[in-house]
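Subject: Structure handover and notes

Dear colleague,

I am passing the structure below on to you, together with my notes on it. Please read the notes with the coordinates open beside them.

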Amino acid sequence: QVQLVESGGGLVQAGGSLRLSCAASGNNFSIYAMGWYRQAPGKQRELVASITRSDNANYSDSVKGRFTIARDNSKNTVSLQMTSLKPEDTAAYYCAADLLTARDYGRYWGQGTQVTVSS
């Protein structure tokens, strides 16, 4: 069974930085696109950034220029470097990966990590 495990959330002041990491573990799988989503209280989950196997990255307009997504295919990891954080970035952040396993192809999700930005 494949699992995605996130780390790196926490509390930071506005203007500060945080780095989120996500590692996929398990047996017999291939990772295609990976990404980060976030969900603030009372709001829908939204895409923050995504990256393809060939490192083509895409960002939401709200984080463009402040966040950087990167992946290491040899380690099955994806990271999100967040700088110039704003209170409106406060949310639960979820790692997502499109995986091909022996059983199926689909989107897998991590358990989420909280990011809180104080003003």
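The notes that follow take up the disulfide, the sheet around it, the salt bridges and a surface patch.

Please keep in mind throughout that this is a predicted model.

A search of the whole structure finds one disulfide, which joins cysteine 22 to cysteine 95 with an S to S distance of 2.1 Å. The two cysteines lie 73 residues apart, cysteine 22 in strand β3 (residues 18-25) and cysteine 95 in strand β9 (residues 91-101), and the pair thus links distant parts of the chain. The torsion about the S-S bond is about -75°, so the disulfide is left-handed. Cysteine 22 has a relative accessibility of 2% and counts as buried, and cysteine 95 is likewise buried, at 0%.

Strand β3 also belongs to an open sheet of four strands, whose order is β1-β3-β8-β7 and whose pairing is antiparallel. Strands β1 (3-7) and β7 (67-72) form the edges, each of them pairing on one side only, and the twist from one strand to the next averages 15°. Between β3 and strand β8 (residues 77-82), which run antiparallel, there are six bridges, and the bridge partner of cysteine 22 in β8 is valine 78.

As for charged side chains, the count comes to five salt bridges. Arginine 38 pairs with glutamate 46, their closest N and O atoms being 2.7 Å apart; arginine 38 counts as buried, at 5% relative accessibility, whereas glutamate 46 is partly exposed, at 34%. Arginine 66 and aspartate 89 meet in a salt bridge with an N to O distance of 2.8 Å, and this pair links distant parts of the chain, with arginine 66 in the loop between β6 (57-59) and β7, and aspartate 89, 23 residues apart from it, in the loop between β8 and β9. Both partners count as buried, arginine 66 at 12% relative accessibility and aspartate 89 at 0%. Arg38, Glu46, Arg66 and Asp89 are linked in a network of salt bridges. A further salt bridge joins lysine 64 to aspartate 61, the closest N and O atoms being 3.2 Å apart, and here aspartate 61 is exposed, with a relative accessible area of 68%.

Finally, on the surface, Tyr32, Leu100 and Tyr105 form a nonpolar patch with about 290 Å² of accessible area together. Of these residues, tyrosine 32 is found in strand β4 (residues 29-39) and is partly exposed, with a relative accessible area of 33%.

Conventions. Residues are numbered from 1 along each chain as its sequence is written. This is a predicted model: local features need pLDDT of at least 70, side-chain atom pairs count only at pLDDT 80 or more; totals for chains, interfaces and linings use all residues. Side-chain values use heavy atoms; hydrogens and water are left out. Patches are made of residues with over 30% relative accessible area and no salt bridge: like charges are joined within 9 Å, nonpolar side chains (Val, Leu, Ile, Met, Phe, Trp, Tyr) within 5 Å. Accessible areas come from the Shrake-Rupley method with a 1.4 Å probe; for residues, only the protein chains shown count as cover. A salt bridge is a side-chain nitrogen of Lys or Arg within 4 Å of a carboxyl oxygen of Asp or Glu. Buried means under 20% relative accessible area, exposed over 50%, partly exposed in between (1.4 Å probe, protein chains only). A disulfide is a pair of cysteine sulfur atoms within 2.5 Å. Two strands pair if DSSP finds at least two bridges between them. Axes are lines fitted to C-alpha atoms, for helices over the stretch in contact, and angles run from 0 to 180 degrees between N-to-C directions.
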